[in-house]
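Thanks for sending this one over.

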Amino acid sequence: MKYSKAMIWQECKDYMGILAGLTIYALGFTCFVLPYQITTGGLAGIAAIIYYASGFPVQYTYFLVNVVLLIAAIKVLGFRFCIKTIVGIVALTFEFGLFQEMIQDANGHLPKIMGDQTFMACVLGACCEGFGLAIVFLSNGSTGGTDIIAAIINKYKDITLGRVMMFCDVAIVSSSYFVFHETQKVVFGFCILIISMIMLDYYMNSVRQSVQFLIFSNKYDEIAEAINRQLNRGVTILNGEGWYSKEPRKVLVVLAKRREGVEIFRLIQRIDPRAFVSQSNVVGVYGEGFDKIKVKVK
């Protein structure tokens, strides 16, 4: 298979996005979660519990368990599925160790940056984790861990990836009670879980949000040409008829990213200030120029 320059550039952007997202995630986890002995979801949460109980470094647990999961994933899902996951695992393992070395004090302890404000540390840590994961997922990447477990189970069972990951995360956070025997620690763990998921969904939805335009104008051909040439967006022409006038009308249908909405209005205003325009939000747009369709074909 030959790769075009556009495909190579897209791959490069994906890897840059993955590394940026992992850096934000690692900073939030290392600076705001570990020092306060709070458990988060995913394999990072399992590594944290082992660290709290035995002092064994987080990055080593994270790497070793992921290696075992990757071996299983390569056999079940294939090597192509795991390439970006491998990059994510290696990068996150390195960053966990690096950031702990950078912020620890002379005695090797991680300082509590927020002092006694444990809940604020939860909020900041969760926001960093959710924001970082959103960037990774939007770049078609993965942090490994429960993502791999969910993908393997989903291959053989009719259970969604999100549901499997939710069950895993709830079990991991709940298990921290057996280390600290403190309900408060578990509650803080669930706070991180909930806030990070809200942050992840909010950022991903805001980036993907698209709008639909219905444009009624006698200069429909000029508007369609301008949108197609200047914004590189497709335009569909529908045949309509005014109920009152009984005259035929052309209706332009345009799907675009939300950020392109202002430019579309400017084009319409410049060509036909009297045009009638309807703009509405759409839940999802899939296909060329938008998101890829990612459902499984049975």
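1. Let me begin with a pair of helices: H10 and H11 cross in the right-handed sense. The contact involves Glu222, Ile223, Ala226, Ile227 and Gln230 on the H10 side, and Ile264, Leu267, Ile268, Arg270 and Ile271 on the H11 side. The two helices pack at an angle of about 145 degrees, and their axes are 10 Å apart. Please keep in mind throughout that this is a predicted model.

2. Stepping back to the whole chain, you will find 11 helices and four strands. Of its 298 residues, 40% are buried. The chain exposes about 17,500 Å², and carbon and sulfur atoms supply 61% of that area. If you take the contacts between residues at least 6 apart in sequence, 71% of them join residues at least 24 apart.

3. Now for the sheet. Its four strands form an open sheet in the order S2-S3-S1-S4, and the pairing is antiparallel. Strand S2 (236-241) and strand S4 (276-282) are the edge strands, each pairing on one side only. From one strand to the next, the twist averages 25 degrees.

4. How do the two helices from my opening point sit against the strands? Helix H10 (residues 220-230) lies across S1, S2 and S3, and runs at about 15 degrees to S3. Helix H11 (residues 261-271) lies across S1, S3 and S4, and runs at about 10 degrees to S1.

5. One residue I would like you to look at is Ser217, in the loop between S1 and H10. Is Ser217 buried or exposed? Its relative accessibility is 4%, so Ser217 counts as buried, the cut-off being under 20%. A polar atom of the Ser217 side chain lies 3.0 Å from the backbone nitrogen of Lys219. Leaving aside residues up to four places away in sequence, Ser217 touches Ile223, Arg249, Lys250, Asp272 and Ala275.

Key. Residues numbered from 1 in each chain as written. Predicted model: local features only at pLDDT ≥ 70, side-chain atom pairs only at ≥ 80, totals over all residues. Heavy atoms only, no water. Pairing = 2+ DSSP bridges. Axes fitted to C-alpha atoms, helices over the stretch in contact; angles between N-to-C directions. Contact = heavy atoms within 4.5 Å. Buried < 20%, exposed > 50% of the residue type's maximum accessible area, 1.4 Å probe, protein only. Polar contact = N/O pair within 3.5 Å; in protein donor to acceptor, adjacent residues only side chain to side chain. Areas by Shrake-Rupley, 256 points an atom, 1.4 Å probe, with all protein chains shown as cover. Left-handed = near helix turned anticlockwise from the far one by under 90°.
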